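Here are some friendly notes to read alongside the model.

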Amino acid sequence: MGRTRLKGVRLAGFRLAIEVPSRLVWQWPTTVLEALSCSPTDPDIYVGVDVAEIHSPDWDPITYSFDGGSFEIGRIGSDWGVLVRGRNGRKQRLARIDSGFRECEVKVSPEQALRGEYPLAEPLDDLLLLHRIVRAGGLVVEGSAILREGGALAFLGLGAIPGDRRGVRESGRGRPEVATSGGRIVLLPNADGIRLHGAPWTRGAGLLPLESVRLEAIHVVSRSQRVFAERLQGEAACAELLEHAYAPVHDPDSALRLMEIAQAFVARIPLLKIGLPEEQRVVPFGWGQRQAAFGFAAPTAS
């Protein structure tokens with residue numbers, strides 16, 4: 001048996017150890033992932049990789065398409081299986097993942113191995129992290145963020161941020177703010193609140209620091225005939241949050257889990273719904289500012 005190499009990467013707060021045979025040579029696909037490489041010791045998720053011929057499992061999968069081709073996902077006994085095919089329909093990779101999404105075995109076809117690609121390339125890293133994040137009580141949402149003073153505001157919905165859609169700019173009080181472009185962001189709970197992470201395993205994730213930041217509030221942006229800002233709570237807040245969350249629809253058990261997660265989030269983090277006319281851009285409301293306080297004000301008597 002040939003020697004293996006072990007590489008580590010930290011994605012959205014989870015440490016992955018990837019063990020690959022010496023005959024499979026690959027480089028990090030992006031500088032962001034390379035910057036997130038870390039020691040493979042004490043991983044949250046272990047990934048073993050091998051080069052072998054791929055045969056379809058005896059299963060009843062659901063098929064999805066993605067930019068590079070299609071993938072099938074379903075149960076293999078108590079495990080999950082993901083079969084990735086190229087645009088030509090040929091089998092490229094087969095992953096088998098335990099039910100807790102802590103261990104993953106990936107077979108790479110000999111033909112695909114010659115391409116020297118990252119063995120967890122789309123959609124494997126995406127699916128692996130999505131399931132693990134949900135099991136850890138977190139959410140993956142479509143949105144953007146503005147970072148300030150060690151905290152972050154999350155914007156869901158239209159995703160428009162004033163000024164450049166990505167990059168560093170000065171805030172009104174002379175402090176730098178970093179705006180992400182529209183993409184995916186990860187929200188994970190901890191003892192002190194909710195932490196916001198970038199999703200560097202997907203394209204268009206925007207600019208976020210390598211470490212997580214404290215989430216101050218969630219802003220949901222919608223089109224409206226008038227400008228308004230109102231605080232949502234309870235079921236209304238949960239519904240708005242879940243509308244922008246990625247759900248592993250092939251996993252029925254996740255539906256109830258996602259609802260429980262959303263309820264826990266809106267109990268800990270303010271959720272403000274903002275209405276803007278078509279020509280308006282998102283204004284980054286600051287909690288405590290006069291505009292944001294309007295969302296908490298009681299209606300005036302007529």
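1. Which residues have the most contacts inside the largest nonpolar core? They are I218 and L241, in a core of 71 residues. A nonpolar core here is a set of buried Ala, Val, Leu, Ile, Met, Phe, Trp, Tyr and Cys residues joined through side-chain atoms within 4.5 Å. The biggest contribution to this core comes from α3, with seven residues. Apart from this core lies another one of nine residues, including L153, F155, V221 and I274.

2. A word on the ground rules. This is a predicted model, in which local features need pLDDT of at least 70 and side-chain atom pairs count only at pLDDT 80 or more, while totals for chains, interfaces and linings use all residues. Residues are numbered from 1 along each chain as its sequence is written, and side-chain values use heavy atoms, with hydrogens and water left out.

3. For the overall picture, the protein chain has six helices and 18 strands. These are DSSP runs numbered from the N terminus, helices being H or I with at least four residues and strands E with at least two. Of the 302 residues in the chain, 50% are buried; buried means under 20% relative accessible area, exposed means over 50%, and partly exposed is in between (1.4 Å probe, protein chains only). Among contacts with a separation of 6 or more, 63% are between residues 24 or more positions apart, where contact means heavy atoms within 4.5 Å.

4. Back to I218. Leaving aside its neighbours within four places in sequence, I218 is in contact with A154, L156, L187, L241, I269, P270, L271 and L272.

5. Helix α5 (residues 253–268) is worth a look down its axis. Its 16 residues should span 22 Å at 1.5 Å a residue, and the 24 Å between its end C-alpha atoms agrees with that; the expected span is 1.5 Å times one less than the number of residues. Its buried residues are S254, L258, I261, A262, F265 and V266. The buried residues of α5 pack against α3 (124–135), β10 (139–148), β14 (183–190), β15 (193–198), α4 (234–243) and β18 (271–276).

6. L242 lies in α4 and is partly exposed, at 22% relative accessible area. Beyond its neighbours within four places in sequence, L242 is in contact with L258, M259 and A262. L242 and V140 are 102 residues apart in sequence, with their C-alpha atoms 9.9 Å apart in space.

7. Leaving aside its neighbours within four places in sequence, D251 is in contact with W80, H131, R135 and R257.

8. S224 sits in the loop between β16 (213–223) and β17 (228–232). S224 counts as buried, with 17% relative accessibility. A polar atom of its side chain lies 2.9 Å from the backbone oxygen of R226.

9. Some backbone details deserve a check by eye. The peptide bond from E122 to P123 is cis, with omega near 10°, and P123 lies in the loop between α2 (110–113) and α3. A12, in the loop between β1 (4–11) and β2 (14–21), has phi near 50°, a positive value in a residue other than glycine. A12 is buried, at 6% relative accessible area. F101 has phi near 55°, again positive in a residue other than glycine. F101 lies in the loop between β8 (91–97) and β9 (103–108) and is buried at 2%.

Terms used
A polar contact is a pair of N or O atoms within 3.5 Å; within protein, one must be able to donate a hydrogen and the other to accept it, and residues adjacent in sequence count only if both atoms are side-chain atoms.
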